[in-house]
Amino acid sequence: MSERNVATDSQAQFDQLQKKLVPLWKSIERFNQDPQTIVVVPSMSIDAIGSGTLMQAYEERFLFLLLLLRQPRARLIYVTSQMILPNIIDYYLDLLPGVIPSHARPRLFLIAPLDGSARPLSDKLLDRPRLIERIRSLIMDPARAHLVPFNTTSREKELALRLGIPMYGADPKFFFLGTKSGCRKIFMEENVPHPLGHENLGSKEELIEAIAQMRVKKPSIKQVLVKLNEGVSGEGNAIIDLTGLPAVVATGRDDAGSRNGPRGGRDHRSQLQRIGNAGHKEVSTQPGSPIPATTSKERAMLEERLRAMRFELEGITYESYMKTLQERKGVVEERIMGEEFRSPSVQLRVTPLGKVELLSTHDQLLGGPSGQSYLGCVFPADKGYARRITREAAKVGRRLAKEGVIGRFALDFVVVRSNGKWESYAIEINLRKGGTTHPFLTLQFLTDGKYDPETAIFTAPNGRQKFFVASDHVESPAYRALTPDDLFDIVVRHNLHFGQTRQTGVVFHMMSALGELGRTGLTAVGNSRDEAKALYERAIAVLDQETLSAGDALRC
């Protein structure tokens with residue numbers, strides 16, 4: 001049989017498996033007590049994760065899914081590269097509201113290939129047929145089971161086929177829609193405002209010609225961003241500075257609907273300050289439109305700026321970046337700049353029934369060399385623009401549902417205030433779970449609250465509004481002196497632990513990275529935005545104080 005026929009048969013088998021999600025989802029929506037098995041494989045296919053310890057910590061980041069054991073007949077199979085410490089499991093089970101841990105624990109099955117390499121977890125499973133059979137043996141009824149991955153690649157698709165259960169996530173055949181080039185195509189076609197730029201670029205020459213056209217179209221551009229199609233959390237981005245280049249003559253009015261905004265620089269003073277860049281909104285040119293030839297002098301100047309571009313990820317060279325661009329392609333777009341700037345996101349899902357649900361909004365906390373790397377988030381996003389970005393995200397959600405996408409995904413935006421009014425620019429679609437998924441679902445599972453996309457308010461059953469600040473980057477060399485048990489002792493002594501009485505406090509994750517990397521994550525839940533922020537800052541201050549002597553020892 002030819003490879004094409006094998007691939008066609010495999011797709012047909014997968015499509016049949018996916019149909020099983022429809023009756024399963026209908027059962028879940030009725031909130032009945034039908035038995036079901038959830039197989040969690042938080043595999044990540046991200047080049048930037050070069051450490052097995054960090055990979056394990058990211059896999060444990062989704063342990064909030066243990067809260068699904070609140071369903072009395074649910075069985076949860078949770079797979080990680082290495083075995084999870086028992087005290088970390090106990091920590092999450094003790095958070096379960098209204099559940100006896102001894103009743104939940106027998107329904108939890110922990111599986112690990114005991115492979116500490118930085119390879120994706122799905123690869124480790126596919127290399128071990130016996131382990132896959134072990135997982136299959138724990139699935140009581142394949143018709144009432146499904147796979148929950150982090151991202152969905154051909155690896156997870158193959159794993160679903162081998163397990164004989166459907167996958168709750170986007171079919172990898174939709175991969176292009178989540179690339180930087182695919183995003184821009186959807187934004188154009190759905191009339192979602194986004195930065196001026198070009199997509200599907202794969203060479204130095206194409207980049208130079210694209211930037212030249214952008215300068216003709218908008219001579220005031222100061223900086224542009226090059227983004228690799230498959231970059232994650234800003235780590236495939238590079239900045240090209242265009243200031244000081246000879247002026248070019250504009251060809252006339254930009255596309256209908258474009259607007260100008262105040263210009264300015266960027267100042268990063270705190271994770272919790274989202275002050276940055278504002279600028280110009282414009283619909284990009286149509287794909288495949290001709291790019292005018294540039295003069296040799298201008299081409300030389302642009303190539304010089306291209307070679308001097310600044311990378312968001314440390315250790316990247318011009319040669320390695322351009323090689324990756326050639327292999328994966330990417331986009332170039334205007335960097336939105338100004339005085340009052342924020343970077344919010346909208347989280348959505350398309351159910352197996354084809355329904356688009358608007359789940360939440362967040363303001364992202366960004367850092368890194370140029371402020372493009374994701375560090376954490378504040379929930380919910382500012383009411384000044386939350387409804388605006390939700391409205392634009394809904395357009396994309398409807399389009400993805402029409403294409404046949406299912407599962408959770410997120411849209412990233414940049415917003416800028418101009419003349420007292422916020423303007424939004426869509427910049428990315430993430431067809432996967434992301435850094436905002438685990439803190440929001442943690443809050444939802446712990447409080448049974450609901451988010452209203454019309455008001456941008458999350459309300460618990462007791463009527464209290466809920467807010468949080470969350471980060472995966474709570475780190476210090478001094479924290480390497482801590483064990484998870486030390487962490488639990490500290491939060492209890494300082495009354496930081498999440499409590500059901502007020503439904504406020506701190507929930508930790510990624511704790512296995514403490515010993516080697518001095519890193520953990522936390523979600524600080526409060527009854528107001530200020531309370532959540534104060535709780536987050538207090539937790540950091542307490543950890544710093546408790547490890548002060550360890551930090552002094554490390555510096556000696």
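Predicted model: local features only at pLDDT ≥ 70, side-chain atom pairs only at ≥ 80, totals over all residues.
Helix α15, which spans residues 484-493, contributes P484, L487, F488, I490 and V491 as buried residues. When the helix is viewed down its axis, these buried residues fall within an arc of 165 degrees, and they therefore line one face of α15. Such a pattern can be read against the geometry of helices in general: an α-helix has 3.6 residues a turn, so residues three or four places apart point the same way. The elements against which the buried residues of α15 pack are α4 (86-95), β19 (505-509), α16 (514-517), β20 (519-526) and α17 (529-546). Just after the helix, N495 adopts a positive phi of about 55 degrees.

A positive phi of about 55 degrees is also found at N419, which lies in the turn of the hairpin formed by β14 and β15, with two residues between the strands. Strand β14 (residues 407-418) runs antiparallel to β15, and the two are joined by nine bridges; within this pairing, V416 has E423 of β15 as its bridge partner. Strand β15 itself, covering residues 421-430, is largely enclosed by the rest of the structure, because nine of its 10 residues are buried.

Aromatic contacts were examined next. The structure contains 13 aromatic pairs. For Y91 and Y92, the ring centres lie 5.4 Å apart and the ring planes meet at 85 degrees, so that the pair is classed as edge-to-face, the cut-off for this class being over 60 degrees. Both Y91 and Y92 are buried. Elsewhere, F379, F440, Y451, F458 and F468 come together in one aromatic cluster. A contact between a charge and a ring involves K157, whose charged end sits over the ring of F14 at a distance of 5.1 Å from the ring centre.

With regard to the cysteines, the structure holds zero disulfides. A disulfide is a covalent bond between the sulfur atoms of two cysteines. C183 has a relative accessible area of 0% and is therefore buried, and C377, likewise at 0% relative accessibility, also counts as buried.

Definitions and conventions:
Residues numbered from 1 in each chain as written. Heavy atoms only, no water. Disulfide = S-S within 2.5 Å. Buried < 20%, exposed > 50% of the residue type's maximum accessible area, 1.4 Å probe, protein only. Helix = DSSP H or I, 4+ residues; strand = E, 2+ residues; numbered from the N terminus. Arc of directions from axis to C-beta. Contact = heavy atoms within 4.5 Å. Phe/Tyr/Trp six-rings, centres within 6.5 Å; stacked < 30°, edge-to-face > 60°. Lys NZ or Arg CZ within 6 Å of the ring centre and 35° of its normal. Pairing = 2+ DSSP bridges.
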